[in-house]
Structure formats: C-alpha cells, structure tokens
Amino acid sequence: MDNIRTLVILGASGDLTARLLLPGLGSLLDLQPEREITIVGSARDDFPGPLGPDDDVRAGTWEETVTKAFASVGATGPAVERAQRETHWVSCDVTEAANLEKLLGDVVGPVCLYFALAPAITKKACAALAELDSLPEDLYLALEKPVGTDLASARALNAQVGQLVDEQHTFRVDHFLGMPGVLDIVGLRFANRLFEPLWDRRHVESIEIVFDETLALEGRGEFYDSTGAARDMLQSHLLQVMALTMMDPPSRFDAVEVPVNTAHILRATRLWDEESTMHAAEHPGITPVVRGRYTAGTTGGHDVPDYAEEKDVDPQRETETFVQVTLEVDTWRWNGVPVTLRSGKAIGNPAQHIRVTFRRPPHEYKGWPHPLAPDVLSVGFEEEHVQLETNVGSPFDSRGMNRLTLSSGVPEPGLTAYGSVMRWILDGDPTFTVRADATEEGWRIIDLIQNAYDTCAPLQEYPAGSAGPRVK
C-alpha cells in the first residue's frame with residue numbers, strides 16, 4: 001500500500017486534535033525522521049475555533065498549535081520540522097460538496113481524510129463526498145469513534161462509507177488497540193509457546209478487562225450525559241480489546257485476518273445467562289449487568305459534586321457513570337468462560353488491566369491448601385506492567401505454600417496510542433482497524449445491555465472516591 005502523504009483533519013479545531021491526534025503524530029515523526037507528511041487542518045470557520053465547554057478560544061494560529069502539540073511530546077527532527085513548515089489551514093464546510101471538492105483539489109499524493117467529527121456530521125460529510133463527480137484514487141477515510149450512535153445509524157454510515165472507498169481504504173479508529181499494554185497481549189500469545197496452548201475454555205477460568213478512572217466529568221457533561229459509560233467505553237473500546245484478546249490465532253497479521261477474527265468474536269458475544277444450569281453450577285452468583293452513578297465525594301485529591309448536580313446533566317436521564325457487564329463468547333474455544341468488562345468514573349483506587357485467570361489444578365492433594373489460588377496473568381493499560389501470579393513451595397517445604405508474583409515493566413513505548421494509530425493510517429495498513437460489521441456487533445451488544453438496564457439492572461449510587469456500586 002502507498003504511504004499517505006497528506007493528512008486532512010476535518011474538525012481540526014476540536015480538543016481531540018490538539019490533545020491526542022497531533023501529539024500522537026509528533027511522536028511518530030520523531031521516531032521516523034525520514035517520513036514526509038503534509039498536515040491540513042480544516043473546519044467550518046477560520047482558525048482559531050471554539051474549544052471546550054466554556055467556549056474558550058484557542059490562542060494562536062494553526063501552525064502554532066501544531067508546533068505546541070509536537071513539543072508536548074518532545075518531538076524533534078527533520079520530519080517534525082518539515083511537517084511544521086508545510087502545514088496549513090483550510091476553512092471548509094464539510095457538509096457542502098463544493099467545499100470538499102475544492103479541499104481535495106488542493107492535496108497532493110495519497111490522502112487521508114480524518115473525520116474528527118460527531119457521527120451526525122460525519123454522515124453529512126460522507127453524503128457530500130458522494131455528490132462529487134470523482135474522488136482521488138488513493139483516498140483513505142479515517143472515522144473517529146463512535147461509528148454511529150446506535151445499530152441503525154452505524155449500518156447506515158458504514159453503507160455510505162462503503163460506497164466511497166473499499167474496506168482496505170477505511171480506518172475505524174479505536175486508539176485502545178494502539179495502547180502498548182494491549183499490543184503486549186498480542187506478543188504474549190503469539191510470540192511464545194507458553195500461553196497460546198492454554199488460551200481456551202479448558203484452561204481459562206475467567207477474563208476481566210477493566211478501565212476505571214479517578215476522573216469525574218471534567219466539564220464534559222453535555223457529551224457524557226447523552227452517552228454514558230457503556231456507550232463511551234464498552235462499545236468503542238473494551239469490546240474491541242476483548243475481541244483482540246480472545247480472537248483465534250491468525251495465519252498472518254494483516255488487514256484481512258485480524259479484523260475478520262476480531263469481528264468473529266463480537267458476533268458470538270452475548271450476555272452471561274445467570275439462569276443457565278451449567279453457568280449457575282460453575283460460576284454461581286454472577287450478575288450480568290450492574291450500573292451506577294456517583295454521588296458527591298473526594299477522588300484524586302479533589303472534591304467531586306454529585307453527578308446529578310454537574311453542569312449540563314439531566315438527572316432524569318439516569319445516565320450511568322459506572323457499568324460492569326459479564327459476557328460469554330459462545331464459540332468452541334470460549335463457551336462457558338465469563339468475560340467481565342468494567343468501566344467507572346470517580347473511582348477511588350482505579351484498576352486498568354486485562355486479567356486472565358486460569359483454572360486450578362484438576363487434582364487435590366491431601367494436606368495441601370484448598371482450594372489452591374489460581375494462576376493469574378495481567379497486563380496494565382496505562383502502567384504497562386506484565387504480571388504473573390503463581391504458586392511455589394509446598395506443605396513439605398519449611399516455608400509452606402507461597403504465592404509468587406513475577407512482575408516486569410516493558411521498554412518505554414516510542415509511540416503514544418494515537419501515535420500507533422497515526423502510523424497505521426499513514427502506512428495505509430488497516431490491520432488494527434475495526435471492521436464495519438464489528439462496529440455493528442458492538443452496538444448490538446450495547447442494545448442487550450440497555451435492555452438489561454430497563455428490566456433487571458436498576459441504577460445504584462456510589463460515593464465518588466469509592467470502589468463503585470455493590471457488585472455480587
């Protein structure tokens with residue numbers, strides 16, 4: 001595939017661009033000084049544009065914003081200097097075909113349009129692109145999450161995108177797939193003989209994927225109150241991490257097999273059936289869906305108001321700030337293994353990890369501790385530690401049976417999560433993109449969770465700074 005030479009960021013005056021996209025790109029250009037890229041920032045109005053909940057205005061020019069973002073990650077070198085020198089801003093209403101035609105007419109070489117836009121605006125922009133007489137042959141489209149706002153809108157948007165470019169030219173971005181801790185799982189499974197033979201229902205007791213935060217709303221009430229924890233974190237992130245963690249081994253890591261294998265996992269995913277006789281016998285007491293909303297408290301050294309009293313929040317919506325769901329991937333490899341996804345805001349002691357608990361030994365010895373603690377492998381999202389908990393010693397040892405934790409950090413990542421996303425996009429490599437049907441399966445699963453909200457998962461309250469609501 002051709003390397004992309006021009007990156008056009010639509011909606012570039014938003015916070016996402018300055019806080020994540022540009023620093024990620026800077027980390028990539030610092031690592032690859034030979035790379036040549038022209039960055040075009042674009043939005044409806046001249047830069048600077050409105051930023052943040054209080055309609056602050058970003059100070060300085062677009063060029064200064066690019067320079068500041070690169071400096072925030074210490075990016076230097078020829079590629080950085082070249083990108084800073086050649087970047088420019090183009091005012092463009094992306095919902096107008098004539099504006100887009102002019103914008104595309106000025107770009108050179110393979111080009112990627114990055115939609116840093118709300119789903120509704122992305123849909124209108126794709127409709128405007130469809131009105132053009134022709135599109136560049138080497139056009140790539142990158143869609144920021146979420147793809148749509150529900151199953152129907154995701155299907156409609158995917159159909160629109162499919163009429164513009166093929167799947168190999170489409171990137172549905174989930175930066176969690178670029179997190180070093182997530183990519184560690186890939187290496188642990190497929191670069192070692194030790195773990196992959198055990199990576200199935202015969203040996204794995206349960207899987208837990210957690211991303212809790214001390215942060216509360218932080219001024220994002222208008223967005224978050226219409227979204228909630230399940231739509232914000234599970235649909236767009238944790239389900240994709242689950243799919244990568246549990247996918248069947250591909251014969252090669254490429255843009256054909258990996259997206260297919262991860263989509264297969266999501267297609268087979270359903271809510272844990274607590275009434276199943278087999279489930280109740282092997283894993284009693286699991287509540288499939290738990291949701292909560294924080295009340296006033298202290299977290300991260302800051303006083304946090306009651307969520308219902310936060311700015312731009314409608315308490316009648318009962319938007320959840322905490323969600324825990326237990327799922328089952330109903331395949332030959334994974335049937336019967338509970339997979340728990342959890343994400344909460346304003347959590348006192350947050351956990352952020354992928355945790356695989358293995359089954360206990362199949363035979364018990366007289367005089368040994370019962371039950372023996374299981375082996376546990378965990379990989380951190382942010383604090384990128386790989387940790388293996390296992391048993392050593394024995395009752396015949398003067399020290400008895402002991403628990404040993406093997407823990408190691410990994411080399412400092414050269415790229416941020418968005419740096420990896422930028423590398424894949426600019427290399428034209430959608431191996432770790434989210435396939436169209438995978439986004440739709442994500443919304444199907446969210447519908448199952450939402451139905452549980454309405455039938456058997458009442459909203460609980462938990463103080464900010466606590467561990468969250470009561471979970472069985």
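Accessible areas here come from the Shrake-Rupley method with a 1.4 Å probe, and for residues only the protein chains shown count as cover. The model is predicted, so local features need pLDDT of at least 70, side-chain atom pairs count only at pLDDT 80 or more, and totals for chains, interfaces and linings use all residues. Residues are numbered from 1 along each chain as its sequence is written, and side-chain values use heavy atoms, leaving out hydrogens and water.

**Exercise 1.** Find the accessible surface of the protein chain and the share that belongs to carbon and sulfur atoms.

*Solution.* Start with the total, about 21,400 Å². Then take the share: carbon and sulfur atoms hold 49% of that surface.

**Exercise 2.** Compare the radius of gyration of the protein chain with that of a compact globule.

*Solution.* The radius is taken over C-alpha atoms, and the globule rule is 2.2 Å times the number of residues to the power 0.38. For 472 residues the rule gives a value near 23 Å. The protein chain has 24 Å, which agrees.

**Exercise 3.** Classify the ring pairs Y294 with Y307 and W424 with F432.

*Solution.* Rings of Phe, Tyr and Trp (its six-membered ring) pair if their centres lie within 6.5 Å; planes under 30 degrees apart count as stacked, over 60 as edge-to-face and the rest as tilted. The count by this rule is 12 aromatic pairs. Y294 and Y307 lie 5.6 Å centre to centre with 85 degrees between the planes, making them edge-to-face. For W424 and F432, the centres are 4.9 Å apart and the planes at 25 degrees, so this pair is stacked. Both W424 and F432 are buried (under 20% relative accessible area; exposed is over 50%, partly exposed in between).

Methods: Buried < 20%, exposed > 50% of the residue type's maximum accessible area, 1.4 Å probe, protein only.
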